[in-house]
Amino acid sequence: MTAVDNQIHTYPFGPQLGLDEDPAYERARRAGTLTRVQMPYGSPGWLVTRYDDIKVVLSDPRFSRTATLGKDVARSTPAIETDMSILSMDPPDHTRLRRLVAQAFTMRQVEQLRPAIDEIIDDLLDRIEAGGTTADLAQALTWPLPVRVICRLLGVPIGDHARFAQWTDDIMSVVSTDLELIVKARDGLIAYLAELIAERRAAPADDLLSRLIQARDQDQRLSEQELVVFGMTLLLAGHETTANQIGNFLFLLLSRPELWQRLVDDPKLVPQAVEELLRYTPLATAGNFPRMATEDVELGGTLVRAGDVVIVHVAAGNRDETVFENADRIDFDRDARAHIAFGHGAHHCLGHQLARAELQMVLTTLVRRFPRLRLAVPADQVPWRIERLVNGVSALPVTW
């Protein structure tokens, strides 16, 4: 093993400035060992930045998510994780819950959703077009689209969007003074879902939430708490990440007009471009979802002791030069499908097919309907959401 640098580095390495990755990630990848870090909350942990090492952590059962629950471990958020959800479970419990909902996110099911997604995109773009020749795409497109899609899939009334959008935003805070706000938002969302579940029990519908209730009540395949937390997780994950990535992708394309023009000239390139943008774009502001080693493991030139916590930063792995040549350059001619933007192993993103469909469809429609789309302000004046778990624009002023 390589000699370990025992220095504890402050992490995140610096403030997130748009979508630029801190140079410290490259230094960490080249170090030959894991990096010992002190995160904003909890005890020190090991930061994993190399592609191959990240895949090991995400797939090796010796690195447990469940073991971190209720412990003051290295993490980005002020609240200690206590809820047992699909995001914090290890197999076989994780496998049991994942199977309950996996059928809703297959390629076949997503293909059946495409007409509805097309309808939503066209409706939003019709409204934008009717408003003149300028718009804020963040408010008019990137946030409403995924919300309406996940609402349709789950069976959540779209009229309740504003309420759970605010709860989601509060839950994603990483500010210690927001701890009370975060807890209040989680409680509010859980209470909302408990009420909605009661309504669906009384009057089932053809939606995912009703099917989960059936699995709970008739088949006893999940507990009541699992049902509520599962619904909350799907609702949060189903719109927060995709909404931010749509905005991030559009910012990258419009701030580099030659990239946008390539898609205008060749819309068939969109699916491949989406994979490259998924690889290149750092969604998370820092590593998250800590895992605890359940036994001693040699990883990346470092001996990780049983009880040590490791944190992976997927975006750093997607910039690993040993896997992706010229990794800091966006290259639509690259085959980027080996990226790990949706994770790896048991916790590989359940909704990756749906997210891909939304990203591909919105870009394809935009380059067709608004080929002259461009930023209405200089790129360095586009405002960003700050002190949140994920990167995203807070506004995206455009004209055409």
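**A cysteine and the helix around it**

Author: Cys-151 has a relative accessibility of 3%, so it counts as buried (under 20% relative accessible area, with exposed meaning over 50% and partly exposed in between; 1.4 Å probe, protein chains only). The model is predicted, so local features need pLDDT of at least 70 and side-chain atom pairs pLDDT 80 or more, whereas totals for chains, interfaces and linings use all residues. Residues are numbered from 1 along each chain as its sequence is written, and side-chain values rest on heavy atoms, without hydrogens or water.

Cys-151 is one of the buried residues of helix H6, together with Pro-144, Leu-145, Pro-146, Val-147, Val-149, Ile-150, Leu-153 and Leu-154. Helices are DSSP runs of H or I with at least four residues, strands are runs of E with at least two, and both are numbered from the N terminus. Helix H6 covers residues 144-154, and because nine of its eleven residues are buried, the rest of the structure largely encloses it. Its buried residues pack against helix H4 (107-130), helix H5 (137-142), helix H7 (161-171), helix H9 (208-217), H10 and H14, a contact being heavy atoms within 4.5 Å. Just after H6 comes Gly-155, with a positive phi of about 95°.

The cysteine sulfur may now be considered. The number of disulfides is zero, where a disulfide is a pair of cysteine sulfur atoms within 2.5 Å. For Cys-151, the nearest cysteine sulfur belongs to Cys-349 and is 17 Å away. Seen from Cys-349, the closest cysteine sulfur is that of Cys-151, and the 17 Å between them is too far for a bond. While Cys-151 is buried, Cys-349 is partly exposed, at 29% relative accessible area.

The largest nonpolar core contains 92 residues, and Leu-189 and Leu-396 have the most contacts inside it. Helix H10 (residues 224-255) gives the most to this core, namely 16 residues. Such a core is a set of buried Ala, Val, Leu, Ile, Met, Phe, Trp, Tyr and Cys residues joined through side-chain atoms within 4.5 Å. Leaving aside residues up to four places away in sequence, Leu-189 touches Phe-164, Trp-167, Ile-171, Met-232, Leu-235 and Leu-236. Apart from this core lies another of 17 residues, including Trp-46, Val-310, Val-312 and Phe-324.

Some backbone features elsewhere complete the account. The loop between helix H13 (314-317) and helix H14 (352-369) holds Asn-326, which is not a glycine and yet has a positive phi of about 50°. Asn-326 is partly exposed, with a relative accessible area of 38%. Phe-289, in strand S6 (residues 288-293), is likewise not a glycine and has a positive phi of about 50°. It is partly exposed, at 41%.

Cis peptide bonds also occur. The bond from Tyr-11 to Pro-12 is cis, with omega near 5°, and Pro-12 belongs to the loop between strand S1 (9-10) and helix H1 (23-30). The bond from Pro-91 to Pro-92 is cis with omega near 10°, in this case with Pro-92 in the loop between strand S4 (63-64) and helix H3 (93-102).
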